Amino acid sequence: MSRICVQVEVTGKVQGVGFRQATVRQATRLSVDGWVRNQGDGSVSALLCGESEAVEAMVSWLRQGPDSARVEGVTVSACAWQDIAGFVQL
């Protein structure tokens with residue numbers, strides 16, 4: 001299996017709805033490493049690193065988010081591998 005890292009930007013109603021906490025839980029379930037944080041423009045950014053299938057599953061989950069969120073857009077950009085252990089909320 002190949003390991004990949006991607007940077008993801010999620011827009012919509014994604015702040016103040018438990019999006020980051022739910023993202024940490026889902027990433028942990030999928031064994032994806034990285035981080036998630038709110039941005040000043042109301043979006044959420046995430047760095048996802050791990051096995052390609054797990055990262056792709058995480059991106060699919062981010063397209064929906066938790067029930068309380070309303071995701072309007074998701075942008076995914078490939079990035080260089082980063083050795084990160086675990087998944088944290090910044």
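Contact means that heavy atoms lie within 4.5 Å of each other. Helices (H or I, at least four residues) and strands (E, at least two) are DSSP runs, numbered from the N terminus. This is a predicted model, in which local features need pLDDT of at least 70 and side-chain atom pairs count only at pLDDT 80 or more, while totals for chains, interfaces and linings use all residues. Residues are numbered from 1 along each chain as its sequence is written, and side-chain values use heavy atoms, with hydrogens and water left out.

The buried residues of H2 pack against S1, H1, S3 and strand S4 (70–79). Buried means under 20% relative accessible area, exposed means over 50%, and partly exposed lies in between (1.4 Å probe, protein chains only). Among the buried residues of H2 are Val 55, Met 58 and Trp 61.

Trp 61 also belongs to the one aromatic pair of the structure. Rings of Phe, Tyr and Trp (its six-membered ring) pair if their centres lie within 6.5 Å; planes under 30 degrees apart count as stacked, over 60 as edge-to-face and the rest as tilted. The ring centres of Phe 19 and Trp 61 are 6.1 Å apart and the planes meet at 50°, so this pair is tilted.

**The cysteines**

A disulfide is a pair of cysteine sulfur atoms within 2.5 Å. By this rule there is one disulfide. Cys 5 is joined to Cys 49, with an S to S distance of 2.0 Å. The link connects distant parts of the chain, with Cys 5 in strand S1 (residues 3–13) and Cys 49 in strand S3 (residues 44–51), 44 residues apart. The angle about the S-S bond is 115°, and the link of Cys 5 and Cys 49 is right-handed. Both Cys 5 and Cys 49 are buried. Cys 79 is in no disulfide; its nearest cysteine sulfur, that of Cys 5, is 4.9 Å away.

**The salt bridge**

A salt bridge is a side-chain nitrogen of Lys or Arg within 4 Å of a carboxyl oxygen of Asp or Glu. The whole structure has one salt bridge. Arg 70 forms a salt bridge with Glu 72, and their closest N and O atoms are 2.9 Å apart.

| Residue | Relative accessible area | Class |
|---|---|---|
| Phe 19 | 1% | buried |
| Cys 79 | 28% | partly exposed |
| Arg 70 | 48% | partly exposed |
| Glu 72 | 57% | exposed |
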